Amino acid sequence: MKHVKQNQNFIPLYVALVVALLWVVASAHIFFSHYEMLYQRGYLPGPGNWRPAHTTDPLTNTDVEQLKPWATFAFVNKVYALPPRYLENALLISDISYPDITIEELAKMQAIPAPVLLHTVQELIRARILPPGTS
Amino acid sequence: MLSLLGYLLSFLLVYKYVALFAISFLAVLILPLPASGILVASGALASQGYFQITAVLLTAFVAKVGGSTLGYFIACYLGENFFHKPGLRHFVRSRLFRKLKMYILSFPRTIIFFSRFIAEVGPVTNVLSGVMNVPRRVFVTTVLFGELVYVLMYGLTGYFLGAEWENNLLFIAKAVMLMVSLGVSINIIEWIWRRKHLSYHS
């Protein structure tokens with residue numbers, strides 16, 4: 001009788017364990033589905049491919065769309081391998097904090113909408129760097 | 001207006017490793033900052049050649065371990081007085097606090113390890129571990145292991161995703177969900193094992 005009572009005390013814990021294990025299975029399925037999708041697109045490592053899809057070479061024309069307003073000009077110059085004075089001269093930037101100033105901050109200073117300045121910067125980068133595969 | 005993450009990303013781009021250290025350290029010590037997002041972004045920036053990936057991982061690891069242990073030792077030093085000043089004296093005397101104390105002291109390793117992956121729970125766990133006198137050795141070794149897994153998981157995810165990291169924040173949320181579900185399951189198994197062990201000996 002005592003043994004039966006002791007076993008009954010474990011029932012809520014066993015139920016909780018089953019629920020938690022179902023949660024693990026569901027989470028693992030959701031996670032690994034996303035992982036597989038990223039693996040097939042070449043972003044994440046897996047069997048036969050343990051190297052990242054990207055290199056640390058400068059970004060190209062096709063990557064310009066990924067530029068965000070929080071990016072600083074120092075970052076833009078570095079990752080797109082631009083001459084340090086190129087954007088400064090093209091955008092007539094006189095602020096002494098250049099290149100450690102973000103696109104959004106500059107837009108505020110110049111009283112223009114951030115998306116407009118971002119688009120201008122993207123066009124300037126496209127004009128400076130050649131598309132991949134061209135020489 | 002810049003979002004908090006956007007603002008912190010600009011801060012990261014300007015002050016680099018110092019910013020990464022400060023954000024990671026403060027996030028695990030007390031401030032609710034999106035340190036995981038910043039670590040993923042740092043990994044992505046390393047993939048673009050702006051940072052060195054080993055330096056990113058090392059900086060974040062040192063900051064996270066430093067912040068966690070500082071929180072723990074401050075709480076250890078203040079003991080239950082830690083809760084008196086902010087007006088939580090009643091909480092310390094409550095039954096809930098006693099239950100929480102027994103729970104943390106029963107399963108310190110699982111709780112400390114898995115709390116690394118849940119924002120805001122990590123700093124609270126550090127403080128509670130200190131207040132409740134979780135043995136130093138247990139705390140430090142678990143934090144070292146937990147933060148190592150955390151930093152590698154987030155930093156390398158950003159590094160492999162590269163410029164795609166912002167489009168895949170949901171992937172990181174899914175990884176966190178998997179870690180939390182694993183933590184809960186392991187904790188329940190420990191609980192059952194402990195109860196069986198106690199009932200067998202009694």
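Which helix of chain A is W23(A) found in? I looked that up to get started: W23(A) sits in helix 1 of chain A. My helices are DSSP runs (H or I, at least four residues), numbered from the N terminus.

I'm working with a predicted model, where local features need pLDDT of at least 70 and side-chain atom pairs count only at pLDDT 80 or more, while totals for chains, interfaces and linings use all residues. Residues are numbered from 1 along each chain as its sequence is written, chains are lettered from A and ligands numbered from 1 in the order in which they are written, and side-chain values use heavy atoms, leaving out hydrogens and water.

Entry: the patch. I found W23(A) again in a nonpolar surface patch with I30(A), M177(B) and V184(B), and their accessible area together is about 300 Å². Helix 1 (2–40) of chain A and helix 9 of chain B are the elements giving two or more residues to this patch. A nonpolar patch takes Val, Leu, Ile, Met, Phe, Trp or Tyr with over 30% relative accessible area and no salt bridge, side chains joined within 5 Å. The areas are Shrake-Rupley values with a 1.4 Å probe, and only the protein chains shown count as cover.

Entry: the interface. I see 40 residues of chain B in contact (heavy atoms within 4.5 Å) with 42 residues of chain A. About 3900 Å² is buried between the two chains, and carbon and sulfur atoms give 72% of that. Q48(B), F160(B) and F171(B) supply 17% of the area chain B buries against chain A, more than any other three residues. Buried area here is the accessible area (1.4 Å probe) that two parts lose on being put together, summed over both.

Next I checked polar contacts (N or O atoms within 3.5 Å, one able to donate a hydrogen and the other to accept it; sequence neighbours count only through side-chain atoms on both sides). Six residue pairs make them across this interface, both residues at pLDDT 80 or more. On the side of chain B that touches chain A, helix 9 gives the most, with 18 residues.

Entry: the salt bridge. I found one across the interface: E166(B) and K68(A), 3.2 Å from N to O. E166(B) lies in the loop between helix 8 and helix 9 of chain B, and K68(A) in the loop between helix 1 and helix 2 (73–79) of chain A.

Entry: Most residues other than glycine have a negative phi, and most peptide bonds are trans. I noted that the bond from Y98(A) to P99(A) is cis, with omega near 10 degrees. A81(A), in the loop between helix 2 and helix 3 of chain A, has a positive phi, near 50 degrees.

Technical notes:
Salt bridge = Lys/Arg side-chain N within 4 Å of Asp/Glu carboxyl O. Patch = residues over 30% accessible without salt bridge, like charges linked within 9 Å, V, L, I, M, F, W, Y side chains within 5 Å.
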